[in-house]
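Colleague: I would like to go through the packing in this model with you. Please put it up first.

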Amino acid sequence: MSLHPSHDLGVWVAAALTLCIFSFLYKDNPFYKFAEHLFVGVSAGYYLVLSFWTVLVANLWDPLLAAFSGSHGSPVAVRLGDYRAFLLLPALLGVLLFSRFVPRVSWLARWSLALIIGAYAGLKTTGFAQGDFVAQVQGSIQPLWTGQWGTSLNACIFTAGLLATLLFFYFSREHKGALGGASKAGMYFLMVSFGAGYGYTVMSRISLLIGRLQFLLYDWLGLR
Amino acid sequence: MKREFPLFVTAAIGLFMILSFFVPHQAVSVPADFFQQSAVIVVAFGIVLGGANLLRVNLEAVLKRQAGWPYRLVLIAGLLVMVLVGLIEGRDFQAAGTRSTWIYDQVYSPMSSAMFALLAFFIASAAFRAFRIRTPEAGLLALAAFLVMLGRVPLGNALTAWLPEDLRLGSVAEWILRVPQNAANRAILIGAALGVMATGLRVILGIERSYLSGEE
Amino acid sequence: MRQLEGLARLDRRWIFTVTGLLVLIPLLWPLNLPLTPSPPVRAYYDAVAAVPDGSHVLVSCDFDPAARPELEPMTRTTLRQLFAKRCKVVVVVLYPGGARLVDQIVREVATERGALYGTDLVNLGFKAGNEAVMVLMGQSIPNTFPRDQNGLDVGTLPIMRGVRNYSSFPLLVSISTGYPGTKEYVQQVQGRFHIPIAAGVTAVAAPTMYPYLQSGQLLGLLGGMAGAAEYERLMHESGPASRGMDAQSLAHVFVALCIVLGNVAQWGWKRREGA
Amino acid sequence: MLSCRTASVLAILLLGIVPGAPAALAQSQVIIVPPPVIQPASPSAGSEAPRNATAGGGTPAPRPARGLNWEDVPDDAGRALDLTWQLSPDDTLHLPLLQGYHVMRSENPGGPWTRVDSLAAGVSSYRDQSVTLRRDLPYFYRIDAFGPGGVTPQGSVTGPAIAVSQWFNHTRWSVLALTMLLFTFVLFFIQSAQGEGKTPFVRRIPGIDAIEEAIGRATEMGRPVLYVPGIQDIDEMQTVQSLIILESVAKTTARYQTPLKVPVTYPIPFTIAQEMVKGGYLQAGRPEQYDPDCVQFVSPEQFAYVAAVTGIMMRDRPAAHIFLGAFFAESLLLAETGFATGAIQVAGTANANQLPFFVVACDYTLIGEELFAASAYLSGEPKLVGSLKGADLMKLVILVVVLAGCLLETLGYHGLTQWLATQ
């Protein structure tokens with residue numbers, strides 16, 4: 001084995017910052033604090049630039065410009081799915097968000113929040129109704145007898161576990177008697193599932209550490 | 001105006017979005033598309049607001065010489081450099097060879113991966129210090145974790161190679177993942193979906209309206 | 001009992017140190033712990049081996065740097081096996097953020113194996129659009145990817161002669177970390193265009209793929225680093241995945257031991273306090 | 001206020017009884033228009049039929065495709081048409097006569113024709129969803145085969161094809177039915193709880209009771225409370241739910257006069273969190289104690305946020321950590337670092353993959369739906385608790401549906417499963 005350290009400044013920066021973060025394992029220290037604050041600043045800046053170019057320019061400024069320069073026909077042709085000129089409305093609501101810096105009119109920001117909350121609450125309600133409710137119920141329906149002992153037993157255990165766990169979430173009755181028994185069984189299923197989740201996440205977490213160590217050993221130190 | 005109007009807007013738009021899921025006709029789908037697009041745009045304005053706020057809070061802390069102010073200077077520098085470089089480089093700031101890409105690859109991405117890699121250490125520490133078997137439930141949790149952890153590496157299968165195929169650790173681990181954990185996970189999903197839908201309905205209808213609370 | 005008390009109050013930094021060493025040491029000095037290729041991995045190897053020598057193979061690499069330690073080794077080994085069979089490899093990327101990493105991997109393996117770009121190999125690069133792109137590729141690959149990763153007109157590349165759509169390939173290899181990935185290929189492409197698929201996925205995603213393996217929709221499956229290590233073993237390589245797997249095994253045993261030790265320590269301490 | 005809500009309720013009920021709009025029938029018809037005379041076509045399938053050799057020094061042009069059919073794409077806003085045809089006899093792997101097909105479209109059977117797309121050989125279907133396609137307008141289609149020897153238009157033209165929009169997506173009947181059932185249950189129990197004016201019974205949820213206990217502990221120790229509302233933006237309902245709970249938490253900390261710290265990932269939840277905390281202090285009758293800087297915006301990046309929050313844990317030493325909302329891989333870093341500081345920790349999330357770490361490293365954990373029940377439980381308001389009862393009734397419906405479905409599947413009837421399948 002021999003060392004061939006990288007000649008790339010970028011690799012050295014990346015390695016130094018990786019070590020700064022790892023130093024947190026020993027204890028909170030100035031190196032970690034430096035990396036932490038740099039990370040927060042750079043990432044917030046990155047998201048700002050990203051939403052500026054990919055949303056504010058691409059989805060707001062460009063369509064508005066096209067709408068009012070008259071290059072693509074009428075700016076308001078809603079019948080054809082063209083609502084570009086109406087984008088002035090979200091632009092206005094976006095600006096209203098900044099009313100929070102002026103306490104006297106800060107209530108104006110609520111109009112913007114009302115739009116966001118309404119739109120997302122509506123979208124998520126039906127999105128979950130389809131993807132996580134109906135589709136999951138549908139996916140849980142399976143023949144309990146398949147002609148094979150092994151798979152049939154699994155199907156029965158699965159169905160029993162699903163229903164018992166669902167009853168664990170039954171809130172409007174005291175968990176006693178039959179409901180108590182079912183919810184207790186549901187609790188056991190939950191615990192097995194949490195244990196399995198823990199055990200099975202270990203692998204990917206260790207992989208990530210291996211990845212970082214491989215970067216330090218091979219890319220930075222050039223171990224061969 | 002201060003209170004009723006936002007509530008009305010939320011209800012109207014929320015119900016309309018629900019409707020648009022079932023009605024593909026352009027009379028519904030076009031306005032719904034517009035509302036969604038609008039929400040995305042307002043949220044993007046919010047990111048700018050957040051950046052401005054971050055700058056304000058940290059500048060104040062630096063000016064007042066609060067504890068740890070030099071680090072806040074680092075934060076401000078990171079934010080400003082990233083924003084300035086990204087804005088100057090224009091809409092292709094993510095292309096190969098730009099300064100923004102360099103910052104992303106050599107500063108942002110290594111720190112993100114390093115934070116992620118810390119999880120490996122914490123998962124061991126949590127196993128040692130927090131995994132306490134005080135109840136039968138906790139016992140089940142620990143047992144399942146134990147079996148799945150060992151069943152997922154070749155060593156676990158090598159240890160149980162003398163057993164029939166179906167009883168080897170790998171098969172047992174796979175069964176736990178496929179049957180009981182799948183059942184419980186699905187129940188969590190369905191329950192949470194009911195929760196989301198009920199909360200969504202309450203928010204849309206203004207029954208749960210506290211997000212617009214505060215003084216009149 | 002005194003020792004147990006010490007154990008119960010053990011500083012977590014000791015655990016961090018042991019974890020770090022258990023992962024680091026096998027990376028420096030491989031232990032070559034026993035590895036028996038499991039049936040899904042063997043099936044994957046066989047599926048690639050069964051491709052007629054010299055035919056075109058489509059490889060969809062859908063991962064970004066976050067999944068690199070798990071998926072890069074299997075990507076490299078797959079390409080090596082294909083180049084050894086003089087197969088013509090067409091690479092596409094549908095996962096955002098993966099294009100540059102995949103290009104780097106593909107070119108390194110090509111150089112190492114003496115494969116000629118444009119003749120033995122082409123990287124068509126990234127295309128946004130998820131399932132829509134998959135379906136478009138079923139109509140025409142040259143139309144979906146008119147230019148390769150470097151902006152070359154694919155019509156000028158010798159390898160693209162005879163490449164129309166999925167029907168031009170006896171096998172699709174999908175190496176993926178999430179959405180869009182193997183699941184979407186099975187749902188959108190397998191059912192519609194009937195192309196055989198072999199897949200490599202992260203350990204987290206592997207259990208969700210077993211149903212497809214059972215139903216025959218996937219010919220073979222590599223699950224995470226373990227799958228990649230077993231595959232390397234079949235190819236008689238001692239690559240990064242095998243070494244990583246040594247680290248994985250040690251770390252898993254250590255975490256399992258931590259659960260036991262932590263409870264023994266706690267139990268001992270409790271008894272002492274009670275006495 | 002009330003009128004607004006009543007109107008909304010009415011709207012919902014109306015929505016439920018809107019009759020299924022007449023589902024537009026998928027038409028499939030071919031109008032054979034005499035072949036366009038502009039270009040010579042070679043309709044004959046005979047091997048020695050004359051071909052128009054326009055280029056390639058004698059290479060014959062490919063024979064045309066046949067049997068073009070169109071169909072309106074169902075359940076859409078009239079933005080797409082499906083085309084299918086039979087391949088040209090020259091479309092084989094070994095003969096290089098045919099390279100592919102051009103999809104041609106026109107508003108008149110006689111042209112002018114515009115090329116919509118070009119397809120590789122071997123393709124026999126196409127969905128025209130180009131932006132230039134307008135609904136309710138008649139179009140005519142033609143498939144041209146092309147090869148080194150030139151282009152051969154199809155012998156016939158298909159049309160008029162019209163893309164129509166539909167009023168109801170018929171693949172979503174089951175979603176509509178079950179959603180309306182849930183909404184009806186929820187609204188019914190809200191209505192009846194309001195009418196009776198007393199709070200329906202709810203079982204004890206230890207995790208939620210623990211929140212107040214944790215705040216009490218922090219007060220005794222004279223240290224702050226840390227509240228983490230998940231790491232997702234406002235489009236995640238768990239974040240919305242967590243922000244609603246935050247108001248109750250702020251009310252309690254205000255009453256106990258304990259400082260509260262709320263680091264937030266995204267700006268919109270940050271704005272709302274400020275409103276919530278302010279509202280909580282107002283309700284507790286201590287608006288003067290509200291410090292706007294107790295809510296801080298950090299960064300939308302997952303691990304930058306975690307770095308900052310673990311920093312707060314190590315430096316400000318809060319005595320109670322409350323994690324409620326959507327969490328991902330960072331859950332372990334937060335919970336384990338928090339465990340190391342000795343703080344009392346209450347967590348709750350509906351992200352099943354992260355629950356194990358919270359269950360292991362926190363004192364109390366709200367599992368899945370318990371998080372969504374928390375605001376109702378904490379408020380004790382009859383109408384909110386009533387909505388929990390509605391969701392509970394739905395669980396019994398699910399129980400019956402799953403059992404009945406499994407029974408039917410076992411007996412070989414697949415109707416219920418098929419009805420539930422959605423797109």
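Colleague: At what angle do helix 4 of chain A and helix 1 of chain B pack, and how far apart are their axes?

Modeller: This is a predicted model, in which local features need pLDDT of at least 70, side-chain atom pairs count only at pLDDT 80 or more, and totals for chains, interfaces and linings use all residues. Residues are numbered from 1 along each chain as its sequence is written, and chains are lettered from A and ligands numbered from 1 in the order in which they are written. Helices are DSSP runs of H or I with at least four residues, numbered from the N terminus; axes are lines fitted to C-alpha atoms over the stretch in contact, with angles from 0 to 180 degrees between N-to-C directions. For helix 4 of chain A and helix 1 (residues 4-22) of chain B, the angle is about 25° and the axes are 7 Å apart.

Colleague: Which word describes how helix 4 of chain A lies to helix 1 of chain B?

Modeller: Angles under 35 degrees count as roughly parallel. The angle here is about 25°. Therefore helix 4 of chain A and helix 1 of chain B are roughly parallel.

Colleague: How many residues does each chain bring to the contact of chain A with chain B?

Modeller: Two residues are in contact if their C-beta atoms, placed from the backbone, lie within 7 Å. The contact takes 99 residues from chain A and, from chain B, 101.

Colleague: Which residue just after helix 2 of chain B takes a positive phi?

Modeller: The phi is about 55°. The residue is B:Arg65.

Note on methods:
Helix = DSSP H or I, 4+ residues; strand = E, 2+ residues; numbered from the N terminus. Parallel < 35°, antiparallel > 145°, perpendicular 65-115°, else oblique.
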